[in-house]
Amino acid sequence: MVDSAYALGWAAVKRLPEPVARGLFDRIADSVWRKQGKGVRQLEANLARVHPEADQARLRELSRAGMRSYLRYWMESFRLPAWSLARIADAVTVKNIEALNEVMAAGRGAVLALPHMANWDLAGAWIASAGGYPFTTVAERLKPESLFDRFVAYREGLGMEVLALTGGEVSVIGTLARRLRAGGLVCLVGDRDLSAAGIPVDFFGEPTRMPAGPAALAQQTGAALFPVTLWFDGPMLRAEIHPEVAVPAEGDRRERTGVMVQALADVWAEGIREHSADWHMLQKLWLADLDGPRPVRGSQ
């Protein structure tokens, strides 16, 4: 049923006139927001860390905007396979693309590391087409398998090479390292640790864990590591490639990795604070939530 629902989305939504599709998904977002289900409550708990000064009314305002942003991601994703290359090129602007161009021209390879903000699939489609850099990424293996295969086919159709995070016949890290050593581009979403074995970081003043992968790959291959933030601006998607995170000169490998992952987290935190509605984190993230229940501010 889940796979069929996504298939229907990709088949039907891309045929709707865009104003109709946008209005429909805004109504769906508002309906989900009003019901205050588990995901919405967790989003508000997460936003309370981002904006500790906010009262409950402000958090509700942010979470409503956040759900509209999240449903916009799905609306655009369902429509992306029907977008022309010109439409993709016109829909995205990237600040500091010159830094990536310089590294790629030198044959060094690069890792773009980003949080769950705005529409990372659209940003990836832009990088692979208008940006001129087909890239490799990693996807969480979904159930049922047919749904995972559908997502892989969708993203490969946008110009991405997609590796399954688990259950594959080849080493994911080994494949990514080979792509980087060959001067390729790797893009990884890195603000949520799926392994429970990530690197400890301070994020908005509280401890959590984030994946070591982007920093470890940069150390292992010599590729440049760039943090990226994304946000919606009216009909546009905007992205910023932030200055390279350098490998520290001192410490063992894990210590260097920790410094680099913290640097990524600090850049992402600034972007999330500025564009909070476009951070699609409806899951538990901080250790305090993962280790035990934390009430949403203002809830009973």
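Which residues in α9 meet Leu217, Gln220 and Thr221 in α10? In this predicted model, the α9 side of that contact consists of Ile173, Leu176, Ala177, Leu180 and Arg181.

**Helix on helix**

Two packed helices are described by the angle between their axes and the distance between the axes. Here are those values for two helix pairs of this model.

| Helix pair | Axes come within | Crossing angle |
|---|---|---|
| α9 (residues 172–181) and α10 (residues 213–221) | 10 Å | roughly 50 degrees |
| α10 and α11 | 8 Å | roughly 125 degrees |

With an angle of roughly 50 degrees, α9 and α10 are therefore oblique to each other. The crossing in which α9 passes α10 is right-handed.

Let's move on to α10 and α11. Their axes cross at roughly 125 degrees, and these helices are therefore oblique to each other. The crossing of α10 and α11 is right-handed. On the α10 side, the contact is made by Pro214, Ala215, Ala218 and Gln219, while α11 brings Arg253, Arg256, Thr257, Met260, Val261 and Leu264. That contact of α10 with α11 divides into six nonpolar, two polar and two charged residues.

**The sheet and its helices**

Now for the strands. Seven of them make an open sheet with mixed pairing, in the order β1-β9-β8-β2-β5-β3-β4. At the edges are β1 (92–95) and β4 (160–164), each of which pairs on one side only. From one strand to the next, the twist averages 25 degrees.

The partner of β4 is strand β3 (residues 135–139), and the two pair in the parallel sense over five bridges. One of the bridges joins Ala139 to Ala164 in β4. Helix α9 packs on the sheet as well, touching β2 (110–114), β3, β4 and β5 (185–189). The direction of α9 makes about 155 degrees with that of β4.

Which strands does helix α11 lie across? Helix α11 (residues 253–274) lies across β2 and β8 (224–233), and runs at about 15 degrees to β8.

**Aromatic pairs**

A pair of aromatic rings is described by the distance of the centres and the angle of the planes. The count of aromatic pairs comes to ten. One of them is the edge-to-face pair of Tyr70 and Trp74, at 6.5 Å centre to centre with 80 degrees between the planes. Both residues lie in helix α4 (residues 56–79), where Tyr70 and Trp74 are four residues apart, about one turn of the helix.

Methods
Residues numbered from 1 in each chain as written. Predicted model: local features only at pLDDT ≥ 70, side-chain atom pairs only at ≥ 80, totals over all residues. Heavy atoms only, no water. Axes fitted to C-alpha atoms, helices over the stretch in contact; angles between N-to-C directions. Parallel < 35°, antiparallel > 145°, perpendicular 65-115°, else oblique. Left-handed = near helix turned anticlockwise from the far one by under 90°. Contact = heavy atoms within 4.5 Å. Pairing = 2+ DSSP bridges. Phe/Tyr/Trp six-rings, centres within 6.5 Å; stacked < 30°, edge-to-face > 60°. Nonpolar A, V, L, I, M, F, W, Y, C, P; charged D, E, K, R; others polar.
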